[in-house]
Structures are given as C-alpha cells and as structure tokens.
There are 2 protein chains.
Amino acid sequence: MAISLRSRIHVAELLSKGEVGKEYTVAGWVDTVRAHGGIVFVVLRDRTGKIQLVVKKNVSKDAWKTAKNLTPESVIAAHGTLVESKAALGGRELVVSELVVYSKADPLPIDIKDHSKTILAKRLDWRFLDLRNPRNLLIFLVEAEMARAAREWFYEHGFVEIFTSKIVGAATEGGAEVFSIVYFDKPAFLAQSPQLYKQMGVIAGFERVFEIGPAFRAEPHHTTRHLTEYTSVDLEMGFIDSFEDVMDAVEGVVRAMIRRAISVYGNQIREYFPDAVLEEPKDIPRITIREAYKLLESAGVEVEWGDDLSSEGERKLGEIIEREYGSPIVFVTEYPWRARPFYTMKKPDDPEWTLSFDLLFRGLEIATGGQREHRYEVLVKQIEEKGLNPKNFEWYLNMFRYGAPPHGGAGIGLERVAMQLLGLGNIREARLLPRDPERLTP
Amino acid sequence: MAISLRSRIHVAELLSKGEVGKEYTVAGWVDTVRAHGGIVFVVLRDRTGKIQLVVKKNVSKDAWKTAKNLTPESVIAAHGTLVESKAALGGRELVVSELVVYSKADPLPIDIKDHSKTILAKRLDWRFLDLRNPRNLLIFLVEAEMARAAREWFYEHGFVEIFTSKIVGAATEGGAEVFSIVYFDKPAFLAQSPQLYKQMGVIAGFERVFEIGPAFRAEPHHTTRHLTEYTSVDLEMGFIDSFEDVMDAVEGVVRAMIRRAISVYGNQIREYFPDAVLEEPKDIPRITIREAYKLLESAGVEVEWGDDLSSEGERKLGEIIEREYGSPIVFVTEYPWRARPFYTMKKPDDPEWTLSFDLLFRGLEIATGGQREHRYEVLVKQIEEKGLNPKNFEWYLNMFRYGAPPHGGAGIGLERVAMQLLGLGNIREARLLPRDPERLTP
C-alpha cells in the first residue's frame, strides 16, 4: 500500500487527539535516529512537534531496513499504529508498518540543535537549515501571527488594505538613503516608505488605509538594528481631531500584535527566549520629548534640546520609563521640527515642535508617526523651510488642492517589534532573509 | 461648539441606522452644492455613500454663509439633525447647525463624475481624483477584500505568512526581464517572484507558506495585461501527493477571493461594471494542454504542439470552455517541458510534459504553478538541460541536499483576477499606481 500524504496528521494533533490502537500517517524530518538490535527509534519532527517512531524488524522488515539507513534531517513519511509508551515524548509513539523516504540528507554543515554554536553570519548562509531549529522557526511564526493580528485590528477599525508601488520616480523621504534602479531609460528608485501613497489613499477617498509590505533604505550603517529591507506596517487615517487619534491607533495595533504573539506562542516563547516580554503592555504612557530630555538630564545623560534622541538616549530612556512607569513601551511626542520631515504638522501654539511621535519598545524605536500638514499653503512653506524646492513636489502638492482631510499616520517596523518582544540581540535574527550592505544572499 | 470627528458617523450607517430627530456629525467630500434662496443643498460623500445636507440661513447663518461658498470636492464636516425627506437620497437628510471646511478645493482638472470622458493616462496622472469616482474606488475595495479572503483561506489551511526579500543577488526566473539595482558596490536585482524563497520556506520547515507582495518584471511590452510591478499572491506547500493538491489549493484560494468580492460588493459591482462576473465559479474544469491544443485545432486555431499557448490561443480557449463547460475559468495542465522553468517536475511516464498548470479566467492567465522537482540529482540534470550552469545555482541546489519534501506551489496575479472579474479592459485600471515602461508616476 502506498502512503498518501493527504491523510497525514500533524504531530501535535496526533499526540493530543490521536486514539491509541488506531493507525495514522505522519510526515516530516528525521530529528534523531538510533538503532538498537531489531528496533530502530526515529524521532520525527514536523512544524508542530516531535514524535517517536518505533520501527521493528518483526513488524516490517522493509521499513526496518529503510530506518537503519536514515540520516538526520531526511524527509520521511511513516504509517503505523499509535501506542502508549512511558519512555517516549508525549507518552505515545507510533509503531511503524510502512516507511517512505522522500529525500535523504547529507551530513549537515552546521549544528542545528544548538544555534549558539554557529556565528550568525554562517547561520544566515544556511538559513533553510538554521530554521530547522524550532527556536529560530518560532521567530517567524510569531511575526506571521503579529501581521495577522495587525490586519485584524485594521479591518475592525475601518482601514482598507492598499498595494502601493515600490518602484518610484522620486525619493520619498529624502535623497540620501535611497536605492536607484535601472528602469529602462529612466531614473527610478526603491520606495523608502509608502508615505506619500498612503496619504494619497486617504485623500483619494479610502479615508483609512494600511499596508504591510517591504520598505527599502540604503543605510550604509552596520548596526544590530538596521536592515536595508524590512517589513513596514503602515497606516494612515483621515478625519482625525488630533495626532492623539493616530497614537490611539498605533497603540491599538501594537498591543494587538503583542497580545496575539503571547496568546498563541507564549509557552514556546518562554521556553526558547529567556529575555522575552511575556505580558501585554498596559496603557502606553505618552511623554513629550521635552519631558524626555529632562528625564535623561536628571539621569546624567547629555542631551541637545531640539535634537532627535540618540540611540543611546532612547535606550536609557527605555530604562527610566520601565523603572518609573513600569512600562516596557512609551510614546515620545512632539519631536522638534528640525528633526522631522517637511510633511509633519507643527504644533500650532509652539511651531518649534511638531504633532509627531515615536514609539519606543525597550528603548528602541519601533514606530514613528504623526499628523500630516494638509493645508496647501502651509505645506509649500514647510517644503521651502526645509530647503527643498516645491516644484519637485508638484504631484504631491496637487493632492492638497482638491480637498484633503486632516490626517495622520505611522509606520511600524515588524522585525523590530519581534526583536524587542523576544529580546533578540540582532535584527538579522528577526528577518527571514536579511539584507545589509554586505549581505545579498541567500 | 467645535465639531469632534471622533463622534463622526459614516453615511451608510447613518442612513440605515440613524434615528430621525437625533443629532449627528458627518464628514467627507462635497459631491455637489446648489444654492436656493435661503437654503443651500450640499450632497456630502464619504467612503460609504452620499447624504444630502440642508443648510438653512434661518437655522445657522454662519453655516449658510460657509455653504454658499463651498466648491465641489472640498472636505467638510457637518453637525445637524436627521430628518425625513421624500426628495432626498435615501429618504433622509441632515439639517445642518454647524459646518466646518477643512480643505477648499480648486476647480478640478478632470471630470470625476464620468470616468469615460478622460483617457486612462490622464486619469492615472490624477489618480487621487480619479478615485473620487465610486466606480474606480470600488476596484480597490474589491482587491482589498480579495486579498483578505485569500489570507483567510491560507490561515484555515495551515499556511504561514512569510516576508521574503525583494532585493536579491541573482535573477530568480531567468535573466532577461529583471530590473537591476545599484546596491552599494554589488550587483543586485528586484525579485521577479518569491519562487526560490517560498520553496526555501517549505524546505526550512514552515511546510506551507504564503506571501502577498510585489513582484517585478522588466517587461518591455506595452499591452493591456502586463505591468512591471504587480501584486503576487504566492503559495507553496510541502508534503503533497501530486500537483493535483496544488491545484486544489489554488482553486480554493481563487474561489474564496471571487466569492468574497461578490458577497461583499455584488450590488455595487452590478451597478458599475456591466461586464463583471457575478457568480462564484463552480468546480473548475481541468484539461491537459494536449486537450487544449485539440479544442483549439477543432475551432480552426493554429497551434504548435509542445509550445505554450499564445495569448490569442488562451482567449479563444476561454470562449470554448465557457461554451462547452459553462465555466469562465479553467485549469490547463501538463505544460510542455520546453515552455516551463528548470524547477518544474516532469511527468514521470512522459517527460516531454510537466506536472504544471496555468489557470485561465475568461481567457487570461491569472495563475501559474505546479509541482517542483525536489530530487537533487534530477534537479541538477534539469538545470543543465535548460542550458544553465548548476554552479550558479549552488545555494538553491544545496536546499535539496538536506531533506526536501515533495512540494509545489503557484503564483496568482491579484490585479488580473480583479480585471477579469470586473471585466476591465486594461490592467492599469486594476492597479493603484501602475508601472510600465513609460509610467513611473504618480
């Protein structure tokens, strides 16, 4: 009888719901294999867990011969009878009557049982093997779940998904950190963010839009928190009263993401990531950047009033907030005008500051946003103030001449949320196929 | 009293659930405005519909003055009392006590009431205004809903979302139609598809993966069905018995997408798109390409056995299938080896053909997929047969040396599904910000 994978059951389901004495088909990778006279013990691993297969010569000589020659990480399917076993994982094992090998594995180039034995660069070179380690795979299961939670939040709150183009005719966020493309005979670039397009979505009549997609930054830096390509969770909302509405939205999304990760994968996260956050953040405190400067100054950190926070300042502030407010996460608001892009709305009564914010999670910026200037004349002035030429923004400016609602939005870095949630030391761990100035493969 | 947008109600909800005699706040764009002595009638439009505002001098002189000077497409909010009205849209109107203008519109550069009066190129130049026409906005509401339906199908069937990198070190699908990037000092490209990475996802242990994201093709063609950037709904699944499993998945996803679009937006689709498909396709017929050749030959169309179908052949085949099977949609299977990429699995008993398929919707390819070759030695041979050098595929080939399950997958073009569903004449209509050899803006 040939094994049919259509009747395959996942290990977790088999261990929790399988009936002893019945026959089942499982499939996956060989985690370990150990021969013992007329019996071969094979631990099979699939995405959901591990189960012991007992392959006895006196049950099936063919299966036993096959099992004897198995190598770790080979792909197999097995059919057999579920029996109780005190010795086995999960208290049950499968006595195999049939065994198929789909793919025999060569000896492995890296240790996949203990990721700490291999440097990260080499792990990434062998990413498809690195992820055979359940700890590493979990990072991406968490990210998938967080993206799902974010979308569900967006749907519930009237946001429409848009798919904006990543090939653009002009740099979105300023000239320096943008990749050029050879686009037939024209100059073109990779979008640094969907900023202008999500504003377009609001103005075009979608009112509220979101997009979860790639963003590209030609960051020449080699840090543990920068990538040249990352997944940006972007939102933009029209008809707001103030930038507090945008912060409410960001708070809603980020808390939904973290809540979902913990509720679905909390046990595994606890097992594999000793530094992870395991509680959903409560109401997120909001402090102005001026209060942040003061807190940092009281802690002996030098700050320049009117400047952005340094990454060291953000880290330190995270510690202070954790201590003073008991929160791993904090909104810092009203960033100085000189540290924000031209489209940011200024604070009406104090135009040195803006209606903008960053969200810091354990001392690292995971989101940035604010209210956008929607008044044509003011916007032209702000472009000029930044030393830019309004003529180069004609298309963008036109959007504000035919009815633009008050609006604001934010971008959230998916990998950064995962990195801070799980307590990873390097953002590359949180990206399936990280890109940096040195790395383009796999 | 200042209007708060937090208490705003959408028009559709107000018309269906609002209580006559109560006060409400609405906000949106001025659809039309018409003064009539001491009364100004303003039709306000938001994402959900239109409502008439009645602004009377004797209720609020301020509001009346403001209303008199309103221009179409200006953005406003109004507060007032809901009353019954036989003359008004939806049988109800709002008698306004307070009116705020957020953004006053200049005279419009294009006619947004009748999209047929403006050529598509100009409509796209003014995309943010073009979408103020509910017909045009609807296309993207449909796409958002189809993406949502696809994801829900994936979640229900054990697929994990992955975010693959779009910056790649080598061309994925062959050298010709790929965009180059200036990536620091290295040669780099834009991913033509996540093909190799979704296979990596399966092999790495996710077992089943999906991604909805941008794909880039340096297509120099100027046709009504090609874009240089589109949204690809990609899936890949391990532990399959045959490529029929992949077709079952594609059928599940595509039917879910179409079903959802019709169930959520059927009435509006009927109103705006006379050529739309308004019934969910039943079981999708599956015919081999050899049967397709024969059907086309009987219809007097010349075909070359062993070649791909021409776009004219696909169109004609769509008509025949519609007539013979009563289905607007059909799987054509077992494409010839010489027309498929190296990673396609050949038909075991007849290696001139492959375990692959295209899905045609109203005579246009909307998806392509198949079973992938997972046996290392066979794969090396197939790369050589295609005149390629296995050394250039070292990273990819390595994935098959350490345990690769039998697997297959497909890519579905989101814009093409929308185009065929709605009966649009040009794929640019179905893309928010279309890119082709000439167009990089907005």
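User: Why does Glu365(A) count as partly exposed?

Analyst: Glu365(A) has 25% relative accessibility, so Glu365(A) counts as partly exposed; buried means under 20% relative accessible area, exposed over 50%, and partly exposed in between, with a 1.4 Å probe and protein chains only. A word on the ground rules: this is a predicted model, in which local features need pLDDT of at least 70, side-chain atom pairs count only at pLDDT 80 or more, and totals for chains, interfaces and linings use all residues. Residues are numbered from 1 along each chain as its sequence is written, chains are lettered from A and ligands numbered from 1 in the order in which they are written, and side-chain values use heavy atoms, with hydrogens and water left out.

User: What makes Glu365(A) and Thr368(A) part of a "binding site"?

Analyst: That label comes from UniProt, where an unreviewed entry has a "binding site" annotation covering Glu365(A) and Thr368(A). UniProt positions are given in the numbering used here, feature names are shortened, and annotations may be inferred rather than shown by experiment. In the model, the lining of the second largest pocket includes both Glu365(A) and Thr368(A). For a pocket, a 1 Å grid is laid over the protein atoms alone; a cavity is a set of points where a 1.4 Å probe fits but cannot get out, while a pocket is an open set with protein on both sides within 12 Å along at least five of seven lines, and lining residues have an atom within 4 Å of a point.

User: Which strand holds Glu365(A), and what makes that strand largely enclosed?

Analyst: Glu365(A) lies in strand S15 (residues 364-372) of chain A; helices (H or I, at least four residues) and strands (E, at least two) are DSSP runs, numbered from the N terminus. Seven of the nine residues of S15(A) are buried, so the rest of the structure largely encloses this strand.

User: What makes the link between Thr368(A) and Asp358(A) a polar contact?

Analyst: Their side chains are joined at 2.7 Å. A polar contact is a pair of N or O atoms within 3.5 Å; within protein, one must be able to donate a hydrogen and the other to accept it, and residues adjacent in sequence count only if both atoms are side-chain atoms.

User: Why is Glu415(A) called buried?

Analyst: Glu415(A) has a relative accessible area of 2%, so Glu415(A) is buried. Glu415(A) is found in helix H12 (residues 414-422) of chain A, and its side chain reaches the backbone nitrogen of Thr231(A) at 3.0 Å.

User: And what makes Arg217(A) partly exposed?

Analyst: Arg217(A) has a relative accessible area of 21%, so Arg217(A) is partly exposed. A polar atom of the Arg217(A) side chain lies 2.9 Å from the backbone oxygen of Gln192(A).
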